[in-house]
Amino acid sequence: MEYLPLLMFVAICLVLLLGYPVAFSLAGTSLAFALIGLATGHFDAAFLHALPNRIYGTMGNNSLVAVPLFVLMGVMLEKSRIAEDLLHSMSRVFGSVRGGLGLSVVVVGMLLAASTGIVGATVVTMGLMSLPSMLKQGYSPALATGTICATGTLGQIIPPSIALVLLGDILSSAYSQAQLNMGIFTPKTVSIGDLFLGAIIPGLVLVLLYCAYLVFYTRWKPTAAPMADGDGQPIAIGEVVYSLLPPMVLILAVLGSILAGIATPTEAAGVGALGATVLALLRNELTLARLREVVLSTTEVTAMVFMILIGAAVFSLVFRGFGGEEMVESLFAQLPGGVFGATLVVMLIIFLLGFILDFIEITFVVVPIVGPVLLTLGVDPIWLGVMIALNLQTSFLTPPFGFALFYLRGVAPPGVLTSDIYRGVAPFVALQLLLMGVLALWPQLATWLPYTLMR
Amino acid sequence: MGLTCAVVVMRYYLQTGSIALQESVNYLHASVFMLAIAYTLQRGGHVRVDIFYRNLSPVGQAWIDTLGGLLFLLPLCVVMFWLNWDYVINSWTVKETSSESSGLAWVYLLKTLMLIMPVTLLLQGIAETIKNILIIANRAADNGSTDTQS
């Protein structure tokens, strides 16, 4: 009975694999276990009665208001074809460089990454937008698909990403809980904005690594990425400015206002959403029908995210009711290697879970369990958040189970072999691991900026 | 519904400062997602782990959705409703208002969403489950008719 919480966790993973919607599987399985627990007297119904308070807490949580706003901004940029325009003009700017199309995919991916947090959505969008033109230009399928998968997952780590919003919210409560456990009653706080700041440098380093890899690889193997044919019509400066400037300004406005401390992430998200709408209006891309489409799909994504939050709340209450937290704590206490060992194990678990769960589930289910324990051990919350985001991103890219690969497979033409995708993505996985190693050695990479700016 | 709410949330955020305004944003946000959960179910918008699911036949998918509906979704709605009931009723009896002095006075209405959500989700869940049972039944009937013909 001692291992009942662990058993429940395993059962949930298995149930999830069946394919019933995640939110309901999580909550439903937990309820079933709670029922067993009630019948056998191992579970106190009082834990379940905390649920209404949890749900109401979610409804009133101001930081989470950023979620629908960022989703709206992303969907708007995508549906109004601002993203597509951007890709076209970028590839013409880089037209004279070997591998230029690949580079522009990375850059556009980075700019868009911000907006959509759901891995699947970004990969599918990038795949539909850029894969055909890359293949048409004669890129090797492996290089093309690898680049797209890697770029599609950038959304996890480049702020302002929804992944970081959710992670920041969970970490901030985990952090205050950890400090209470340690007997600190005037706790320091960590906010979503801090996490954004922490992720900027590692995110940019990652983009640079991608670009460097593309440049070197295409030099070394020119056949994998032929130059654009045609006489490379020079592109007018005006056109570049027209397509590049607005999204850049938008993203800088969002990030800048957070960096400068003018706006909370939620307010910045509001600015971003409004900005994206204005951009779409200015381009005459915003018909009433399209606005409707954008808002409806935003509503769907939002409802989906919050239902998972509610499902995860049921899970965590039942988990706690079975003494799961004490179990996790004692497990960690037995681990060799102290803080480092514990962090490594957590990272490994998260990596493996990344094969079957999307980041929302992991953030809501796993982080609340392990977060307080690790933070009590003295791990820096910002560093932990960035590491988790990077780790998940790597997990989504890793064959054979990575999410990103499945989604791209879904939109890739039959001519592209699955093995091409696997081969193409391998170097990017190596780059990810490299960055994680570097970040583990020099945590300052993540923590320097927020601590310098905030304190 | 979703349209107005999301647009208003967005607009309102440009004029920060007032607590009441801040709370109205929260109200709208909460209303959007609490009311849209059932709608999202209808549109099939709740994410699944579809590594295996996507390769199943429509009937196989219908089986999973039927079982999931009966075992997870419908009980969850009932339990949520039952758990939330007292919480919301308490709020109504005191006509609960915001804890901020200049906040909005309709916390009890906001909390009522916690009852509306399980009910709408339950209704939609029942509809989806019936739909899936019909898919299974139809396929069985189809097989039956082709069998008699051959």
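A polar contact here is a pair of N or O atoms within 3.5 Å; within protein, one must be able to donate a hydrogen and the other to accept it, and residues adjacent in sequence count only if both atoms are side-chain atoms.

## Ground rules

This is a predicted model, in which local features need pLDDT of at least 70 and side-chain atom pairs count only at pLDDT 80 or more, while totals for chains, interfaces and linings use all residues. Residues are numbered from 1 along each chain, chains are lettered from A in the order written, and side-chain values use heavy atoms without hydrogens or water.

## Where chains A and B meet

Let's start with the interface. Chain A gives 56 residues to the contact and chain B gives 52, with contact meaning heavy atoms within 4.5 Å. Together the two chains bury about 5,000 Å², 77% of it on carbon and sulfur atoms; this is the accessible area (1.4 Å probe) lost on being put together, summed over both.

Across this interface, 2 residue pairs are in polar contact, both at pLDDT 80 or more.

## Helix 18 of chain A

Now for another helix. Helix 18 of chain A covers residues 381–397, and 17 of its 17 residues are buried, that is, under 20% relative accessible area (1.4 Å probe, protein chains only). At its start, a side-chain oxygen of A:D380 comes within 2.9 Å of the backbone nitrogen of A:I382.

Methods:
Helices (H or I, at least four residues) and strands (E, at least two) are DSSP runs, numbered from the N terminus. The expected span of a helix is 1.5 Å times one less than its number of residues. Buried means under 20% relative accessible area, exposed over 50%, partly exposed in between (1.4 Å probe, protein chains only).
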